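Subject: Structure handover

Hello,

Here is the structure for your files. My notes on what was found in it follow below.

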Amino acid sequence: MKISNLETETRVSDRPDQFALDVLHGLSADPKSLSSKYFYDDYGSELFQKITGEKEYYLTKCEFEILDRLAGELPSLLDENQILDVIEFGAGDGHKTKLLLDGLLKSGMKIDYYPVDISEKAMLLLMKNIYDTDYLKINGVVGDYFAGLRHVQSISSKPKLVLFLGSSIGNMEMAEATAFLKVLKRNLKSCDSVLIGFDQKKSAEILNRAYNDSAGYTTQFNLNILERMNRELGANFDLQHFQHYGFYNPRSGAMESHLISQRDQMVYVQDLKRSFHFERFEPLHLEYSFKYLPSDIEALAETAGFTSIRHFTDEKAYFIDSLWGFGTLI
Ligand SMILES: C[S@@+](CC[C@H](N)C(=O)[O-])C[C@H]1O[C@@H](n2cnc3c(N)ncnc32)[C@H](O)[C@@H]1O
């Protein structure tokens with residue numbers, strides 16, 4: 001494991017007090033909310049891995065199917081570059097990315113791989129799946145997407161493939177996704193490419209099942225954010241008095257995750273020296289997971305200034321990995 005590479009990059013991590021500031025802001029707001037990036041402490045990253053193995057959670061399986069097929073074809077779509085920087089936002093455990101990297105390496109490419117993830121645990125899991133060779137150098141960046149973007153700007157001038165897999169783009173509202181992609185584009189050159197995973201709009205039953213797995217890992221995953229505030233900020237959330245509620249909202253086109261207070265209660269957060277009042281049935285919003293139509297993807301690419309080159313989908317057409325570039329269609 002190239003932990004030394006990882007350690008040299010931790011300087012770009014979120015500021016340690018950022019969590020406390022965001023909790024103060026999110027619990028003081030009306031309606032209350034917290035960023036879904038705080039799901040991913042060590043335990044949250046382990047729970048996410050468990051969710052992806054659940055039968056109802058089709059997203060990972062569908063994307064795996066797509067990337068498995070795409071791996072052989074991808075090198076020919078990348079201008080036949082022989083050296084490449086692969087930058088991946090929210091890389092997670094990297095098990096799907098490995099398919100693509102193996103495909104690129106098989107074609108004779110030499111790769112510098114920069115996985116960016118806010119979770120150090122996820123990075124350690126990734127480094128068990130993917131390791132350095134003479135042709136693949138891993139430079140893990142523990143930090144948020146924007147730290148990753150700054151990093152993209154400061155690293156080499158080699159051709160780049162930017163990966164944003166697993167439907168993480170869906171956690172951003174449209175304005176945020178557009179702004180993020182515009183900044184990304186400003187940091188890239190015309191020879192670079194981007195591959196983004198989008199979960200497709202589909203029947204509400206399938207979506208609701210995927211985000212409410214019968215083993216209850218999604219419930220634990222959501223409640224863990226309260227546990228994280230207890231552990232890291234000295235809060236006194238009683239998890240029994242909050243209920244996870246995840247549902248598809250066809251009007252917004254997003255799965256929404258909330259924790260709903262089951263009674264009127266006060267919660268004290270030691271590090272903030274503040275109490276927060278939750279009314280009975282008051283929601284704490286944790287996550288959007290926006291779903292896309294192919295036309296939504298194309299509109300987003302265009303607004304952000306990219307050319308949508310090709311969509312790759314699975315047999316059920318549940319998921320799309322969309323390849324974007326700058327020039328003419330292939
Ligand atoms: C839904 S998981 C997807 C993981 C992987 N890409 C996959 O497809 O299985 C999201 C990953 O992004 C990371 N993440 C979430 N918000 C982030 C942020 N704002 N900046 C950097 N990483 C983030 C999490 O730690 C997690 O590993």
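Lysine 32 and glutamate 282 form a salt bridge, with the closest N and O atoms 2.7 Å apart. A salt bridge here is a side-chain nitrogen of Lys or Arg within 4 Å of a carboxyl oxygen of Asp or Glu. Lysine 32 sits in strand 1 (residues 32–33) and glutamate 282 in the loop between strand 11 (274–278) and strand 12 (283–290), so the pair ties together parts that are 250 residues apart in sequence. Helices (H or I, at least four residues) and strands (E, at least two) are DSSP runs, numbered from the N terminus. Lysine 32 is buried at a relative accessible area of 7%, and glutamate 282 is buried at 14%. Buried means under 20% relative accessible area, exposed over 50%, and partly exposed in between (1.4 Å probe, protein chains only).

Before the rest, two remarks on provenance. The model is predicted: local features need pLDDT of at least 70, side-chain atom pairs count only at pLDDT 80 or more, and totals for chains, interfaces and linings use all residues. Residues are numbered from 1 along each chain as its sequence is written, and side-chain values use heavy atoms, with hydrogens and water left out.

Other salt bridges

The whole structure has 14 salt bridges. In one of them, the closest N and O atoms of glutamate 73 and arginine 310 are 2.9 Å apart. This pair links helix 4 (residues 58–77), which holds glutamate 73, to strand 13 (residues 307–313), which holds arginine 310, 237 residues apart. Glutamate 73 is partly exposed at 29%, and arginine 310 is partly exposed at 32%.

Lysine 158 bridges to aspartate 112, the closest N and O atoms being 2.6 Å apart. Lysine 158 is in the loop between helix 7 (145–154) and strand 6 (160–164), and aspartate 112 is in strand 3 (residues 110–117), 46 residues apart. At 24%, lysine 158 is partly exposed, whereas aspartate 112 is buried at 14%. Asp85, Asp112 and Lys158 are linked in a network of salt bridges.

Ligand

The ligand is surrounded by 18 residues (a heavy atom within 4 Å). The closest are Gly90, Lys96, Asp117, Tyr145 and Gly166. The shell divides into seven nonpolar, six polar and five charged residues. Ala, Val, Leu, Ile, Met, Phe, Trp, Tyr, Cys and Pro count as nonpolar, Asp, Glu, Lys and Arg as charged, and the others, Gly among them, as polar.

An N or O atom in the side chain of lysine 96 is 2.6 Å from a ligand oxygen. A ligand nitrogen lies 3.0 Å from a backbone N or O atom of tyrosine 145. Taken alone, the ligand exposes 590 Å², and the protein buries 92% of that (Shrake-Rupley method, 1.4 Å probe).

Aromatic pairs

There are 25 aromatic pairs. Rings of Phe, Tyr and Trp (its six-membered ring) pair if their centres lie within 6.5 Å; planes under 30 degrees apart count as stacked, over 60 as edge-to-face and the rest as tilted. Phenylalanine 39 and tyrosine 40 have ring centres 6.3 Å apart and planes at 85°, so the pair is edge-to-face. Phenylalanine 39 is buried at 0%, while tyrosine 40 is partly exposed at 24%. Phenylalanine 89 and phenylalanine 180 are also edge-to-face, at 5.4 Å centre to centre and 75° between the planes. Both residues are buried.

Regards

Methods
Polar contact = N/O pair within 3.5 Å; in protein donor to acceptor, adjacent residues only side chain to side chain.
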